[in-house]
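Here are a few notes to read alongside the model.

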Amino acid sequence: MVIKWVLFLLLSYLTISNVVSLTTIPTTKTYIVQIDRSAKPETFSDHVEWYASMIQSVSVQEDDDVDTEKIMYSYQTAFHGVAARLSLEEVERLQQRQAVMAVFPEVKYELHTTRSPWFLGLEAEKSTSVWSERLADHDVVVGVLDTGIWPESKSFNDTGLTRIPAHWKGTCQIGRGFDKAHCNKKIVGARMFYHGYEAGAGKINEQEEYKSPRDQDGHGTHTAATVAGTPVQGANLLGYARGTARGMAPGARIAAYKVCWASGCFSSDILAAVDQAVADGVNVLSISLGGGSSSYQHDSLSIATFGAMEKGVFVSCSAGNGGPTPVSLTNISPWITTVGASTMDRDFPSTVNLGTGQKIIGSSLYKGRRKLSPGKQYPLVYTGGNSSLLDPSSLCLQDTLNPKVVRGKIVLCNRGVTPRVQKGQVVKDAGGIGMILANTEDNGEELVADCHLLPAVAVGEKAGRAIKEYAMTNSHPTATLSFQGTRLGIKPSPVVAAFSSRGPNYLSLEVLKPDIVAPGVNILAAWTNTLGPSSLATDKRIVNFNILSGTSMSCPHVSGIAALIKARHPDWSPAAIKSAMMTTAYIHDNKYNPLRDASTGLPSTPYDHGAGHINPLKALNPGLVYDLKPQDYFEFLCAQLSPSDMLVFAKFSNRSCRNTLASPGDLNYPALSVLFLEKGNTSALTLHRTVTNVGKAISNYHAVISPFKSAVVKVEPTTLHFTKKHQKLSYKVTFLGKKQQAGPEFGHLMWKDGVHKVRTPIIVTRVPVTI
């Protein structure tokens, strides 16, 4: 019966979708056109005029008003070209033009949706001093591409900040609910980008949504405050996580670029924001968005961030929330720092007390008027069955619960398909008095706390199975729920979040991704005042801070730490900053055991945690760095792409391939990944690296290699003797194939000088000949 019902819904959906598509397909769509700026004829006064003329010349409509109808953006800094509404015929005409290097269809991106500074070692628990007292910190500007900003939040107070940095060229756009007075010495810029969104999703309803940099969603405010929020004492969410909330770099400035709206984020708007942010003078870009992954030359964000990197801008992006599925990463270009998510040592415990007397520990942020008595048992119901297949009612989807069955009872719901808090609303609407939210196999034992609208507790997969068994086999199952507030010092921590997207990097196995993990579970930060903490329309609660989870939360941690490193080392390149983070990251938890994967409970690997968990204090003084210049990244691409594909990266800076890399694995990345072909004859492979001394002038490092079963690993030389600061020395690592492993083998090379431990992850993999 359930299968027939699902099939009926699916067929109905397909039928409706086909009817709608037949009647609403537009004749034009948004495309991003990359143009060779060096090819501009002298007859045009500027590039904007030339771009407009080119688009007009391919138009299939005689009276097109190009400026107002077709062209939405002109890109001139990190990327060169336009975003325009074009028909397929017009696209084909453009692709025949010699000056047109590539045409990208619009892509829709999604958001990757207190305690962390202390957990990361940035401050003593009762101290207010970090590096924010350094005046240099105040000159760093972080551009946050997100849903905008709520300027009234205390996290954006500018008391004590010096004048706005002289290099800053940004501005504050005005719009509904936002004027220039909302910017200050903390929020130094605020812009909005919506032309691509309106072309793809329809006009913004200005009565229901702020058509301005003001944040209605809360996500952008949360990420911006995590990056560089001013310290706010007594911050909390309904009493949970009470303490001082501050960003990673409280002395840094924030520039908010609103690119996401009610129905998502569009690539033409994101590209326009990156282009403008680089022109404005940001030092760091924080992008907690993802739209899937495509090849480097076909990914407009990859190309734009390459341009940003060329201008010296550090770019960090969220890895995505597609875990624990392997090969689920987004934002994997090597010039981007790709950030996964981990837990902290703070939890919000709650308890499920079953009628059998069994107590099960879960997690929740519930704080409401409706309370369940800890001493009373309430009827418990699970509407699913014994099958491993989840039916709609077991998932507590909208209109799937029978009020006659669930009224006055605690309802057990499975995670999946719809937001966790929305399931609670469905239970509440059907008359349920509480909810137990059970993890599925994918979620494992990871517990994510939510600010529910009724008493609700999240439990792990094993506990969920036990409760289901009890509910289905007992004639009168009962339970009650209780909430214990905030608990610190949780062990083990950190743990790699189950939802954090996983490697390997399917475009280039030679480049480790993700690069690093940072706190991304149950993060407290500033929030909008237009939306309740559950983000549901029915939630009328107003809070100043909210607790969220996702790689969207881990990304701004790294962005803020990058701002701190940039302030201390203003001459460091984006690659040097990334290297400092990766080579000082740690791979053991607070119980001194290897980092674990929340989805399995087993030790995580570099495909899960990258180089490890970020360690800001160590990253400030890494000893050695693996530096890279834009041409080095270009050579990496030369080793993989055809000459025609390279044009999208080459034209802006007149780069050409010098063929300096023997293979992509020789990119001077802070990780080593060696690939043996399964049926190949190669038994020895050598990778080369160069390190730069950023520590004491006279330094001596010696190499230590972890043991490998699949290969004999040899480093030459085994010692590095530096005689001056900024000196570069090279070494090579040779891998002699020995024993074939069932899967990749992980280890590391560590350079030690008695003070620094510069750890470089190593991955030895056997791959099919076809790769």
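1. How many helices and strands does the protein have? This is a predicted model, and the protein in it has 18 helices and 39 strands. The radius of gyration is 27 Å, close to the 28 Å that the globule rule gives for 771 residues, so the protein is as compact as a globular protein of that length. Along the principal axes, the C-alpha atoms fill a box of roughly 80 × 70 × 60 Å. Buried residues account for 59% of the 771.

2. Next, please look at the open sheet made of four strands, in the order β31-β33-β37-β35, with antiparallel pairing. At its edges stand β31 (624-625) and β35 (711-716); each has a single partner strand, so one side of each is left without a neighbour in the sheet. As a reminder, strands of a sheet pair through backbone hydrogen bonds, either parallel or antiparallel. For β31, the partner is β33 (residues 684-693), and two bridges join these antiparallel strands. To find the pairing on screen, look for leucine 624, which stands opposite asparagine 693 in β33.

3. Within that sheet, phenylalanine 735 sits in strand β37 (residues 728-737). Is phenylalanine 735 buried or exposed? Its relative accessible area is 0%, and buried means under 20%, so phenylalanine 735 counts as buried. Leaving aside residues up to four places away in sequence, phenylalanine 735 touches Val674, Phe676, Ser683, Ala684, Leu685, Leu687, Val712, Val713, Ile762 and Val764. Isoleucine 149 lies 586 residues from phenylalanine 735 in sequence and 50 Å from it in space, C-alpha to C-alpha.

4. Aspartate 753 has 23% relative accessibility and counts as partly exposed. Apart from residues up to four places away in sequence, aspartate 753 touches Asn700 and Tyr701. Aspartate 269 is 484 residues from aspartate 753 in sequence, and their C-alpha atoms are 47 Å apart.

5. The second largest pocket also deserves a look: about 590 Å³ of space lies in it. Which residues are closest to the centre of the second largest pocket? They are Asp347, Glu445, Glu446, Leu447 and Ile490, out of 25 residues in the lining. The elements that give two or more residues to this lining are β17 (346-347), β19 (359-363) and β30 (596-597). The largest share, three residues, comes from β19. By type, the lining divides into 11 nonpolar, six polar and eight charged residues.

6. Finally, some backbone details to check. Most residues other than glycine have a negative phi, and most peptide bonds are trans. Yet a cis peptide bond joins glycine 323 and proline 324, with omega about 0°; proline 324 is in the loop between β15 (314-318) and β16 (337-342). The bond from serine 493 to proline 494 is cis too, with omega near -5°, and proline 494 falls in the loop between β25 (487-488) and β26 (495-496).

7. Two residues other than glycine have a positive phi: leucine 238, near 50°, and alanine 241, about 60°. Leucine 238 is in the loop between β8 (232-237) and β9 (240-245), and at 25% relative accessibility it counts as partly exposed. Alanine 241 lies in strand β9 and, at 2% relative accessibility, counts as buried.

Notes:
Residues numbered from 1 in each chain as written. Predicted model: local features only at pLDDT ≥ 70, side-chain atom pairs only at ≥ 80, totals over all residues. Heavy atoms only, no water. Buried < 20%, exposed > 50% of the residue type's maximum accessible area, 1.4 Å probe, protein only. Contact = heavy atoms within 4.5 Å. Pairing = 2+ DSSP bridges. 1 Å grid on protein atoms, 1.4 Å probe; cavity = no way out; pocket = protein on both sides within 12 Å on 5 of 7 lines; lining within 4 Å. Points joined across faces, edges and corners; volume = space filled by probe spheres on them. Nonpolar A, V, L, I, M, F, W, Y, C, P; charged D, E, K, R; others polar. Rg over C-alpha atoms; globule rule 2.2 N^0.38 Å.
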